[in-house]
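Have a look at the picture first, then read on.

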Amino acid sequence: MLWYKAWLETRWRFTFLIGSILVVWLMLLWLPSLSSVPASRQWVGLQLGSVLLYMFAAIYLAGGGINSQTLYAVTSGFHGSMLFTLSLPVSRRRLLFVRAGLGAILTCSLVVCMAGYILFRRAEPVGALQSLADIARAVVCTMAVYALSVLLACVLDEMWQFMGACLIWFAVFLLGSRFAPVARFSPIRGMSLSSHPHSSATPWAAVITSAAVCVIFTCSSILILRRKEY
Amino acid sequence: MNDLVIATQGLSKSYNGKPALRGLDLEVPRGAIYGFLGRNGAGKTTTLKLLLGMLRRDAGEIWLLNAPIRSEMDSVAARRRIAFVTEEKELYPFMNVGQMIRFTRPFFPTWRPELEKKYLDVFRLPLNLSVSKLSKGMRTQLMLLLAMARGAELLIMDEPTSGLDPVATEEVLQALADLAAGGNATIFFSSHQLTEVEQICDRVCVIDDGKTVIDGVLDDLKSQYRRVVLVFDGEPPQSVASLPGVDHLRRRGRTVSLLAHTDIDGVVDRARELAPVSVEVHAVSLKELFLDHVRGE
């Protein structure tokens, strides 16, 4: 039943994301001026748009539900429905596992669909194995963004979680654009698919960093939630 | 700890160095309707949250249903047999009444469908109505339904009747009394409503500043305590403050009110030696007991 509750908590966020993607996609299809843009620039635009979408989905789907607190609730010392949840015979680790797990599944499904679509649109065909590797890379790196958002959701109210996550990743992006070593390890780099028109080498440093970040932030979230007082 | 549903020893908790509980000792026997009283900030909600593992204690021991609570798993196991009604009565606004029931039911193997049906009828809760559209009274009733139908051995309630109109309050109190009378459920509830506590509780505990100041069977307390009212024809003598056997004393002009629970006759005799113009001995209500102990002089 916790999965059912998590779905009810998340479904409108997920629906909003799907709706937004569809609207943007339809707009792009109907824009007549896009056909005059060179394919290579279209590809870069698609990559940039998809990375932004992955990050937004990861941050947005991680918010809400973990603490079930509104700003009003926090400032006035109330904890919303969280006290009811905590009175159930369920460990906090399981609560986090289910809520964050469902968000992770939904985020991954969005990334897989978008990455698959982008690969389908790629001008030069690549092998199925390469496509799968590209999608897996995008998923792992997006999960780093998701894990940080979950961690922030464990300590901050929803609004601050969203703003905090956006700020952190914006800073990572800026630092990555200035300093090559940061870019090498940045999950943002790993999220974009192979460059057009020739495939570049897999950014292993970014993928390994993302996986490590994911594990560290998930463990930290569990520790924080287990010690948190309500 | 035989037959004690809740027991605490030396339970302490501070918030940012400010003590909320200072070595609280509680003993709640099985089957009791136990009123847990105190002023705002006395430590009632902190105690309930410590019992349910929502807060971490600084010191002390907790036993629930005869088992020590030393880890999260101990708390989870105890919560299978416990129901909690929160002060704010917040439930999931994205569910309706039926969904809330279907969500809660599987967590409790001892769920009692007949009680679910009974309280749905008694409280007239529509299954399809969203929780976000329920009034506070209806949310309270839904929370009570979820608490009572789970077949819990212990119901912990934080201000269960706050925000209810008199009719709804009466329905809730009646439901609680029925539940306690019908089985081995123990009800532990914190409240500011002393008349309600007096109406249904058989035991009470009053805490003040994080410590127990009164604890016992309500009828015993009321029969033990007496108020001795002395009226003087002028300013009351200072020696009245040092009368032996007096628990609490209040002065108002020429009148001095003493609260005592042991050797009442001795207190009256010693008070007469101060030459008051009148001495009266009265029985005390829970409200008087409460006010004297938490206000003092």
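Let's start in chain B, where strand β3 (residues 33-38) and strand β8 (residues 186-191) pair in the parallel sense over 5 bridges. Helices (H or I, at least four residues) and strands (E, at least two) are DSSP runs, numbered from the N terminus, and two strands pair if DSSP finds at least two bridges between them. This is a predicted model, in which local features need pLDDT of at least 70 and side-chain atom pairs count only at pLDDT 80 or more, while totals for chains, interfaces and linings use all residues. Residues are numbered from 1 along each chain as its sequence is written, and chains are lettered from A and ligands numbered from 1 in the order in which they are written.

**The four-strand sheet of chain B**

- Chain B also has an open sheet of 4 strands, in the order β12-β13-β11-β14, and its pairing is antiparallel.
- β12 (248-252) and β14 (278-283) of chain B are the edge strands with a single partner each, so one side of each has no neighbour in the sheet.
- Strands β11 (residues 226-231) and β13 (residues 255-260) of chain B run antiparallel and are joined by 6 bridges.
- Within β13(B), B:S257 is the residue opposite B:V229.
- β12(B) and β13(B) also run antiparallel, joined by 5 bridges, and B:R252 stands opposite B:T255 in β13(B).
- What do β12(B) and β13(B) form? They make a hairpin with 2 residues between them, and B:G253 in the turn has a positive phi of about 65°.
- As background, side chains in a regular strand alternate between the two faces of the sheet.

**Two domains in chain B**

- Chain B is assigned domain 1 (4-217) and domain 2 (225-295), with bounds that come from an automatic or database domain assignment.
- The C-alpha centres of domain 1 and domain 2 of chain B lie 37 Å apart.
- Where they touch, domain 1 of chain B gives 10 residues and domain 2 of chain B gives 6 residues; contact here means that the C-beta atoms of two residues, placed from the backbone, lie within 7 Å.
- On the domain 1 side, α7 (194-200), β9 (203-208) and β10 (211-217) of chain B each supply at least two residues.
- That side of domain 1 divides into 7 nonpolar, no polar and 3 charged residues. Ala, Val, Leu, Ile, Met, Phe, Trp, Tyr, Cys and Pro count as nonpolar, Asp, Glu, Lys and Arg as charged, and the others, Gly among them, as polar.

**Helix pairs**

- In chain B, the axes of α4 (residues 113-123) and α5 (residues 136-149) come within 9 Å and cross at roughly 160°.
- That makes α4(B) roughly antiparallel to α5(B) (angles under 35 degrees count as roughly parallel, over 145 as roughly antiparallel, 65 to 115 as roughly perpendicular and the rest as oblique).
- α4(B) and α5(B) have a right-handed crossing (left-handed if the near helix is turned anticlockwise from the far one by less than a right angle, right-handed if clockwise).
- Among the residues making this contact are B:Y119 and B:F123 of α4(B) and B:L145 and B:M148 of α5(B).
- By class, the contact of α4(B) with α5(B) has 7 nonpolar, 1 polar and 1 charged residues.
- Over in chain A, the axes of α6 (residues 128-155) and α10 (residues 204-227) come within 8 Å and cross at roughly 25°.
- α6(A) and α10(A) are therefore roughly parallel to each other, and α6(A) passes α10(A) in a left-handed crossing.
- The contact includes A:V140 and A:L151 of α6(A), along with A:F217 and A:I224 of α10(A).
- Its residues are 18 nonpolar, 4 polar and 1 charged.

**Where chain A meets chain B**

- The contact takes 20 residues from chain A and 20 residues from chain B.
- α1 (2-30) and α4 (82-86) of chain A each supply at least two residues of the chain A side.
- The largest share of that side, 4 residues, comes from α1(A).
- By class, the side of chain A that touches chain B has 11 nonpolar, 4 polar and 5 charged residues.

Note on methods:
Axes fitted to C-alpha atoms, helices over the stretch in contact; angles between N-to-C directions.
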